[in-house]
Amino acid sequence: MRRRIALVALVLLVTALFLVPAEIRVWLDARGVMHATNEPGKAPATALGSDQVRELWGDERFGPPLEPEPGSSGSEADRAYRALREALVDLQRGDTALAVARLHAVLRNDASRPEAHFYLALIEGRRGHLDAAEAHLRAFLSVAGDGYDDWRASAQRRLAQLDDERRLMDSPAAAGLRLVA
């Protein structure tokens, strides 16, 4: 048994020696096109080796780390982002009920998501549910951080519009209004 293990280890070692790649050489041709090869005889004498390239670029050869695209991970924040994005797609498609369900699910998981409150305020306002729209706008204003300045201004305008709508509905002239099919 030990001989078999020793034989397998020897075969793996010899195989690994043949699979070790040669050093990569990099150079620019006369037209300014960059070339790279790991075949020893193919690179010109002026080609730079891996160590020389590392010296040129230092630790910055790869640049700053790339952030993942929003919504691409399995984190709680990304799940909320995907749900918000899907709710907007539902709204564009005209499926308001599904959008509302998604937005409420976002708020059940994290009540501090300002976007969900804002979108629900828009939907409730269009439905004529002024109290619900106002509640969501006020919730939005209480949780919206620094990145929501434009949204905040819109929410404040919408609150003023809700007050105007209430005054119109309470006026004596509104009593004579009725829906005509």
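I started with helix α3 and listed its buried residues: D78, A80, A83, L84, A87 and D90. By buried I mean under 20% relative accessible area, with exposed over 50% and partly exposed in between (1.4 Å probe, protein chains only). Helices (H or I, at least four residues) and strands (E, at least two) are DSSP runs, numbered from the N terminus.

A note on the source: this is a predicted model, where local features need pLDDT of at least 70, side-chain atom pairs count only at pLDDT 80 or more, and totals for chains, interfaces and linings use all residues. Residues are numbered from 1 along each chain as its sequence is written, and side-chain values use heavy atoms, with hydrogens and water left out.

**More on α3**

I looked up what covers those buried α3 residues, and the cover includes α4 and α5. Contact here means heavy atoms within 4.5 Å. Then I checked the length of α3: its 18 residues should span 26 Å at 1.5 Å a residue, and the end C-alpha atoms are 26 Å apart, so the two agree. The expected span is 1.5 Å times one less than the number of residues in the helix. Just after α3, I found G94 with a positive phi of about 90 degrees.

**The core**

Next I went to the largest nonpolar core, which has 26 residues; L103 and F140 touch the most other members. The elements giving two or more residues to this core are α3 (76-93), α4, α5 (114-127), α6 (130-143) and α7 (149-170). The largest share, seven residues, comes from α5. A nonpolar core is a set of buried Ala, Val, Leu, Ile, Met, Phe, Trp, Tyr and Cys residues joined through side-chain atoms within 4.5 Å.

**H104**

H104 sits in helix α4 (residues 96-109). With residues up to four places away in sequence not counted, H104 touches L120 and H136. H104 and L120 are 16 residues apart in sequence, and their C-alpha atoms are 8.3 Å apart.

**The sheet**

Last, I traced an open sheet of three strands, in the order β2-β1-β3 with antiparallel pairing. The edge strands, each pairing on one side only, are β2 (34-37) and β3 (48-49). Two strands pair if DSSP finds at least two bridges between them. Strand β1 (residues 25-28) pairs with β3 over two bridges, in the antiparallel sense. I looked for the bridge partner of V26 in β3, and L48 is that residue.
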